[in-house]
Amino acid sequence: MKLRTALAVTVATAALSGAATAETYKIGITQNNVGVDSYQTTYEKAFIAAAEANANVETVVLDAGGDVARQIAQMEDLIQQEVDAIIIWPTNGEAVIPAVRKAQQAGIPVIVTNSNIAEQGFDFVASFSGPDNITQGARSAEIMCEKFTEMGIQDEAQIVQISGQPGYTTAIERAKGFEDRLPEVCPNVTLMETQPGDWNREKSQKVMEAFLVKYDDIDGVYAGDDNMGVGALNAAKAAGREGIIFVGATNFAVGYEAMERGEYWGSIYQSPVDDAEAALQTAIDVLDGKDVPFLNYFDTPKITQDNMGDFTKPVF
Amino acid sequence: MSGSTKQRIGGFLARQGILVAFALFMIGFTLANQRFLDPDNVMGVIRSSAILGVMALGVTFVVISGNLDLSVGSMMSFSTIVVLDLHDKIGPTLAIPAMFAMTLCLGAFIGFLVGYLKLNSLIVTLGMLSAIHGLTLTYSGGQNMDIADKANTWFGVFGQGNIVGIPVPILLFALLAAILGMMLSKTPFGRKVYAVGGNGTAATFSGIRRARVVFSCYLISAFCVATAGLIQASRSLGSQNTVGQGLELEVLAAVILGGASLLGGSGTIFKTVIGVLILGFIQNGLLLVGLQFYVQYVVTWIIIILAVWLDIAAKRGKLWSPIA
């Protein structure tokens with residue numbers, strides 16, 4: 001088991017500054033699978049950094065390595081250690097519910113981070129901190145529509161969608177957000193077809209190649225994340241099809257670079273650093289007794305070629 | 001029609017049932033969507049099948065020798081990530097041989113375990129499937145790998161280049177298929193591979209060094225995987241850690257679809273190529289027809305079963321037989 005503890009010495013600093021009123025919280029986190037992708041790797045680093053920067057917080061940082069059984073065992077460990085709050089990045093939205101319930105019954109508030117658990121477990125959760133995928137989808141639709149309007153083709157544009165892996169909540173919610181919002185902002189834009197790219201750049205490239213053969217006129221592509229968006233862009237470049245507007249979600253470094261080159265129009269900026277800091281802050285707010293909304297979304301703003309200067313290049 | 005012509009046609013069908021099945025699918029998809037046989041589309045499908053195809057060539061050797069290789073997907077992720085990482089560190093000229101050397105080491109390790117230590121290939125390569133994935137993740141620290149300066153490198157030539165109008169991945173695939181096809185059908189080594197897979201004990205008694213043959217098959221497989229990784233890396237100049245995940249089963253499906261027996265001793269490179277093309281064109285055809293994607297998984301499977309059935313029926317000479 002990977003066990004890393006980040007301890008912050010509080011007594012000395014608190015005494016020196018004379019602000020000895022604040023309590024020290026011991027917060028445990030069990031993450032999904034650190035190291036499997038850059039987002040989760042960056043998340044963990046940011047979480048540890050945020051905890052170290054806060055003198056009133058002591059953390060126990062665990063990683064389930066993508067294994068449900070291990071995550072449940074880690075939940076039990078954290079309950080045994082009598083931490084003040086537990087943050088969980090579920091390996092599986094259903095299977096972890098009994099462990100979450102056990103923590104809640106032991107009087108330990110549980111905060112779910114990044115991806116929510118299944119609805120039947122909501123009663124045992126203090127708050128969910130993470131991105132709002134439906135809003136992300138809706139914002140992508142707005143980015144696409146604003147660009148079409150600027151180009152003057154908002155009444156005839158035809159687009160295709162490359163969605164995430166079928167069955168994943170994030171994929172379903174982003175597609176829903178996009179599909180619901182698009183007719184509201186650009187009622188005359190036609191979504192011709194949707195096919196999954198499975199979050200995979202190569203798969204997405206194949207799907208886009210087929211789209212390019214099938215449709216002579218494609219004005220825009222919405223991809224469920226930038227990895228797939230860049231795959232689609234590669235296909236269009238190889239086929240020599242220019243002028244297609246690419247909009248993604250979860251801005252990756254590759255997407256950011258393609259935007260710098262002027263080949264990719266926009267995306268949604270979702271920072272793992274914001275994600276991690278929001279989770280820790282939500283846990284602290286719950287422990288402070290503040291009124292925290294059940295679905296505590298952190299903001300994931302629109303990023304396009306026009307405003308990308310305001311954002312640093314993603315590290316993943 | 002004279003009797004001998006009929007026999008010859010019958011004989012051809014029996015030998016090349018899978019080719020007939022392939023032709024039928026092509027006709028079917030063309031009728032469903034006129035664009036299917038568009039040269040751009042055909043070229044595109046073969047180009048994207050080339051990666052799977054190159055891997056399937058190597059696995060054909062392993063399967064004919066009576067073993068399995070389930071580690072090729074993870075190994076492909078590994079070589080892709082390694083070559084991309086080294087590209088920026090030591091330059092492409094050194095990165096490519098270094099990546100080939102590292103991938104061949106993995107192949108040699110598997111070949112040693114299966115060939116010389118006689119461990120079950122299913123267990124060894126299933127284990128290596130996750131072990132190599134872990135190695136890739138450790139190597140990359142979980143980060144996506146991307147070439148920093150994509151505009152100024154010649155490295156893209158293997159995946160994106162064209163020679164006389166034909167994409168380089170297709171040329172590499174064809175070249176490897178020709179070389180390995182010759183090796184399998186025309187050389188003593190090729191005959192040894194069939195002998196070891198057909199009856200390992202008999203082969204040993206005939207003086208064939210079985211362990212060495214098996215070991216060589218895994219080396220060939222690793223070489224093919226390294227080539228596939230090179231094409232993959234060069235094609236997108238960047239990659240996720242999981243790029244090859246799940247490919248091992250598609251590769252195996254293509255090899256088996258081509259008619260290689262999982263028990264070893266039979267199969268050819270040509271038929272594997274047909275198997276690869278069938279899989280590639282099915283995926284593309286279903287996309288062009290615009291079938292809802294949940295249905296595609298099911299339909300892919302139905303088509304594969306149909307192909308295998310046609311192949312077997314052609315061998316039997318009838319569609320249905322009460323005895324095998």
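## Model confidence

The structure is a predicted model, with ipTM 0.75 and pTM 0.79. For chain B the mean pLDDT is 89, and 97% of the residues reach 70 or more. Among the elements of chain B, the lowest mean pLDDT, 70, belongs to helix α1 (residues 3-15). The highest among them, 97, belongs to helix α5 (residues 92-116) of chain B.

## Chain A

Chain A contains ten helices and 13 strands. Its radius of gyration is 21 Å, close to the 20 Å that the globule rule gives for 316 residues, so chain A is as compact as a globular protein of that length. Taken along the principal axes, the C-alpha atoms of chain A fill a box of roughly 65 × 40 × 35 Å.

Buried residues account for 53% of the 316 residues of chain A. Of the contacts in chain A with a separation of 6 or more, 73% join residues 24 or more positions apart.

## Chain B

Chain B has 14 helices and four strands. The globule rule gives 20 Å for 324 residues, and the radius of gyration of chain B is 20 Å, so this chain is as compact as a globular protein of that length. The C-alpha trace of chain B spans about 65 × 55 × 40 Å along its principal axes.

In chain B, 48% of the 324 residues are buried.

## The contact between the chains

Chain B brings 24 residues to the contact, and chain A brings 24 residues. On the side of chain B that touches chain A, α3 (39-64), α13 (269-289) and α14 (293-316) of chain B each supply at least two residues. The element that gives the most to this side is α3(B), with four residues. By class, the side of chain B that touches chain A has six nonpolar, 14 polar and four charged residues.

## Helix α9 of chain A

Which residues of helix α9 (residues 253-260) of chain A are buried? They are A:V254, A:G255, A:A258 and A:M259. These residues cover an arc of only 140 degrees around the axis, which puts them on the same side of α9(A). As a general point, an α-helix has 3.6 residues a turn, so residues three or four places apart point the same way.

The cover over the buried residues of α9(A) comes from both chains: it includes α8 (226-238) and β11 (266-268) of chain A, together with β1 (145-146) and β4 (238-239) of chain B. Just after α9(A), A:G262 takes a positive phi of about 80 degrees.

## A:I159 in strand β7

A:I159 lies in strand β7 (residues 158-163) of chain A. Is A:I159 buried or exposed? A:I159 counts as buried because it has 25 C-beta neighbours inside 10 Å, where the cut-off for a buried residue is 20 or more.

Leaving aside neighbours within four places in sequence, A:I159 is in contact with A:M144, A:V189, A:L191, A:M192, A:I218, A:D219, A:G220, A:V221 and A:Y222. A:N251 is 92 residues from A:I159 along the chain, and the C-alpha atoms of the two are separated by 20 Å.

Conventions:
Residues are numbered from 1 along each chain as its sequence is written. Chains are lettered from A and ligands numbered from 1 in the order in which they are written. This is a predicted model: local features need pLDDT of at least 70, side-chain atom pairs count only at pLDDT 80 or more; totals for chains, interfaces and linings use all residues. The radius of gyration is taken over C-alpha atoms; the globule rule is 2.2 Å times the number of residues to the power 0.38. A residue is buried if 20 or more other C-beta atoms lie within 10 Å of its own, exposed if 12 or fewer, and partly exposed in between; C-beta atoms are placed from the backbone. pLDDT is the predictor's confidence in each residue, from 0 to 100. Two residues are in contact if their C-beta atoms, placed from the backbone, lie within 7 Å. Ala, Val, Leu, Ile, Met, Phe, Trp, Tyr, Cys and Pro count as nonpolar, Asp, Glu, Lys and Arg as charged, and the others, Gly among them, as polar. The arc is that of the directions from the helix axis to the C-beta atoms.
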